[in-house]
Amino acid sequence: MAKTILIVDDSSSLRSVVGTALKGAGYDVIEAEDGKDALTKLNGQKIHLIISDVNMPNMNGIEFLKASKQIPAYKFTPVIMLTTESAEDKKMQGQAGGAKAWMVKPFQPPQLLNAVSKLVLP
Amino acid sequence: MQLDESLQIYIIESRDLLQQMEEALLTLEQNPEDEEKINAIFRAAHTIKGSAGLFGLDFIISFTHVAESVLDKVRNGQVPVTEEIVALFLEVGDFICKLIDHVAEGTTPDADTMVVNDGLINRLNVYLGAPRATAAALPVASQNEASGVVESLDGVETSCWHISLRFGPDTFRSGMDPFSFLRYMNTMGKIVHVATITQALPSLEEMDAESCYLGFEISYESQASKVEIESIFDFVRDDCDIHILPPHSQVQHYIDLIDRLSNEEMKLGEILVKCGTLTPTELEAALVQQADVATVDKQPIGQTLINAQLVQPAVVNAALEKQRQVKESKNSESNYIRIDANKLDELINLVGELIIAGAGATLIADKLGDGAMNEATSNISTLVEQVRDSALALRMVQIGATFSRFNRVVRDVSKELGKDIRLEISGEETELDKTVVEKISDPLTHLVRNSMDHGIESAEVRVPKGKPAYGTLKLNAFHDSGSIVIEVSDDGAGLNRDKILAKAIDKGLVSAEQSLSDKEIYNLIFEAGFSTADAVSNLSGRGVGMDVVKRNIQALRGTIDIQSTPGLGCTMSIRLPLTLAIIDGFLVGVADSSYVVPLDMVVECIELSAEDYASSVSDKRNFINLRGEVLPYLKLRDEFECKGEPPIRQNIVVMQYANQKIGLVVDKLIGEFQTVIKPLGKVFEHVKGIGGFTILGSGSVALVLDVPRMMQLANMESIKEQALVES
Amino acid sequence: MPVMINTNEARCVLTFSGELNIYNAAETLSQIKAEMSNTLPIHVDLAAVDEADAAGLQILMAIRLHTLSHGLAFQLENPNEAVMALIELSDMAGFFGVTQVFTDIAA
């Protein structure tokens, strides 16, 4: 049974590249363009890993992280947060208690695959 | 059974450690947060276990291992420091002590001991959340837990990495699964062997399902670099304990290992071999090569090894640094050596003989009247005096160690009596002769128990009197005119004068008509067969003891004194000579005989005026007015029934002891004299006022006066009364 | 209900089903704390477990340690693939006494 990964990012190109890489590695992928969109797409279904950008319109990554932890089905779902070296992102990182896994953009797809497979093997 | 020397050291070391452990436990009971003490206790158990391995003392290893495991949990905060834990470990300490006794006697524990052993292990296992069976099932895990990284050195021999993982409690909550990392490891290499560490798992009742308690010891085969392996755990590194030991020659790894090597002094090559950088064969080859080179351009072994490309320069530098550190610490360590006490006694005996022989030489030089000879002997006696002082100083120990044992006594006895009693210790640094220390412990124990039992009231009695509910017992020591004074005081009810007197009359110790001062009445408790306790307790109320205490103290040429304030408490002061062997004496002459008094007690020497002497003969008056103070005196001539008439000018030597002064009337003052006290034979055991004898330089004998006893003989109180009447 | 606990005179049988993981670890454990016997042999049946993780296995470890400290017999029955993979990964087959795989259930 393939593992399902939710990827949340406002950049459609990033979603596409990452999504392709993950599918190629054998994961099922669900895409969402911001926190709000992601919450609707979660919809109670089984998710093994969430990859989420920090800085997004509508609902940013930190708010989404907190919201998802409120839902019992996702309380213990591992999350990889995508961030940049920008001051704004760093400020937001400080508010994200609970998130342990961070990846700094830009990264190459194999790096992300590596990080993902430490948490969930396909 | 002839015990090997190092085993003897192990026994002494273990007893010291157990003593430290007990002290730390008692501190911990007051202050459970004291991490330093927790560590001290852990280290004590760890060291005892560790060294037991060297001697194959399996019964000690198996017991201390369990104790150590529990202590490890205490140290990690998994088991809180409670009263029960402290009590259990006090018992554990006592039991280990018993095991050490077996080692000392060269016996193995008997069946009874093993029953205690098993009982304690069961109680310890409660805190481990797993019975012995589990510990046995997971020997790999427990060994790694106990002995840390260095033992994993074995792993260096193999081609495997050794990875030690302890996951943090929040691992699950942050969405991480330890198994996902293990699975991932299998994509980068191969897990050859894994041992799951369940030691940290609490019992089902105490367990929190969402907290992670797991740990793993993993033997891992991989071509990946240390950095790559480390990166596997990037996401959990913050709150997990991760150690990765590389299998191959990785410079930093070896440097780390060198840093962790035990502090034994080693040669450079040995250090490198021990950390695995160098194989013994390589070292041997390098040494041969070094020896072959001509003496002129001989290089240090480190350089030789680097040139031969056997070892990286950084590793050699680290090893050299380590060598230097060890040498430095070795130097500071060598400030202390352990010496057989008998050797010291022998030395002091020899010094005694040297003093006597020296005095003989001085005397002969005097007679010869040769100036140069006199100067030489005078130099020698100055040196001999210094040798004597240093020899005696070797035997001087601080009383603190004796005092701190009472922490346990007070704790245990107060539990037994159901009283809350606190111990305050002061003057721990006061020094006295080791032989005195050994003999004072028993009397002191008795006094402490007596104070706790009879002196300090129960809380119900104390509180209405406006006293704190807890009682305070104080131990104090200080030096005072050539003696050491040890005080045991309590803030209890004080001695009951009337009750003591009534009891003494009842027992026929004194008659009802006798008029006695408070002090004399208090001293009655030291009479044989005296006991005031209404109910005989199992501690100190058996009616034996206080008289024994007094006798023991007198045997040490000491005295005991009581000060008591009704309702406020009581202080027992023991006064002892600093040393039993050699003293600075003051030599006096009466008729043809010589007598020695301790110089420390001499205050001054004055002339006995003809007028005073006349009245002593006519009125039997035996005191003088010393600058407005009454000074009772004893005429040694009379005391020792010397024949012949006294000279026209007699002298009084004013002596002070325990706040009392007395004068000794003598014919002549001879001067200071180093006195080696020799005990009197059994025949003279009961002669009062004489503490021993000494041999003068001339070969003749001088008696050493026991001043405290002479003061008693002088019956000071009645003399003072007489003086009052006359004035 | 992640676990069914049936106790008769002879033994206490814990039948796990569905997910044995962090999502229901708390519920599972509280049920076990409330209902599991302290005196009877413990049988754990894992036939119906289809997913497991470290949090789930940790509960099984705690049960096993509990039986060891209380001197109770313990048997792990029908560990299916999901659980067996973890037991093998952690090398705990000996610890759980998993010798016979796929014995019949006799509850």
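Mentor: One term before the sheet: two strands pair if DSSP finds at least two bridges between them. Also keep in mind that this is a predicted model.
Trainee: Fine. In chain A, what is the strand order of the open sheet, and is the pairing parallel or antiparallel?
Mentor: The order is β2-β1-β3-β4-β5, 5 strands in an open sheet, and the pairing is parallel.
Trainee: Which strands stand at the edges?
Mentor: β2 (28–32) and β5 (101–104) of chain A. Each has a single partner strand, so one side of each is left without a neighbour in the sheet.
Trainee: How many bridges join β4 to β5 in chain A?
Mentor: There are 4 between β4(A), residues 79–83, and β5(A). As an example, A:Thr83 has A:Val104 in β5(A) as its bridge partner.
Trainee: And which strands does helix α3 of chain A touch?
Mentor: Helix α3(A), residues 61–70, packs on the sheet and touches β1 (4–8), β3 (49–53) and β4 of chain A. The direction of α3(A) makes about 155° with that of β3(A).
Trainee: Switching topic. How many residues of chain C are in contact with chain B?
Mentor: 26 residues of chain C, against 25 residues of chain B.
Trainee: Which element of chain C gives the most to that side?
Mentor: α2(C), with 11 residues. The elements giving two or more residues are α1 (22–35), α2 (54–69), α3 (81–89) and α4 (93–96) of chain C.
Trainee: How do the residues on that side divide by type?
Mentor: On the side of chain C that touches chain B, 17 are nonpolar, 6 polar and 3 charged.

Notes
Residues are numbered from 1 along each chain as its sequence is written. Chains are lettered from A and ligands numbered from 1 in the order in which they are written. This is a predicted model: local features need pLDDT of at least 70, side-chain atom pairs count only at pLDDT 80 or more; totals for chains, interfaces and linings use all residues. Two residues are in contact if their C-beta atoms, placed from the backbone, lie within 7 Å. Ala, Val, Leu, Ile, Met, Phe, Trp, Tyr, Cys and Pro count as nonpolar, Asp, Glu, Lys and Arg as charged, and the others, Gly among them, as polar. Axes are lines fitted to C-alpha atoms, for helices over the stretch in contact, and angles run from 0 to 180 degrees between N-to-C directions.
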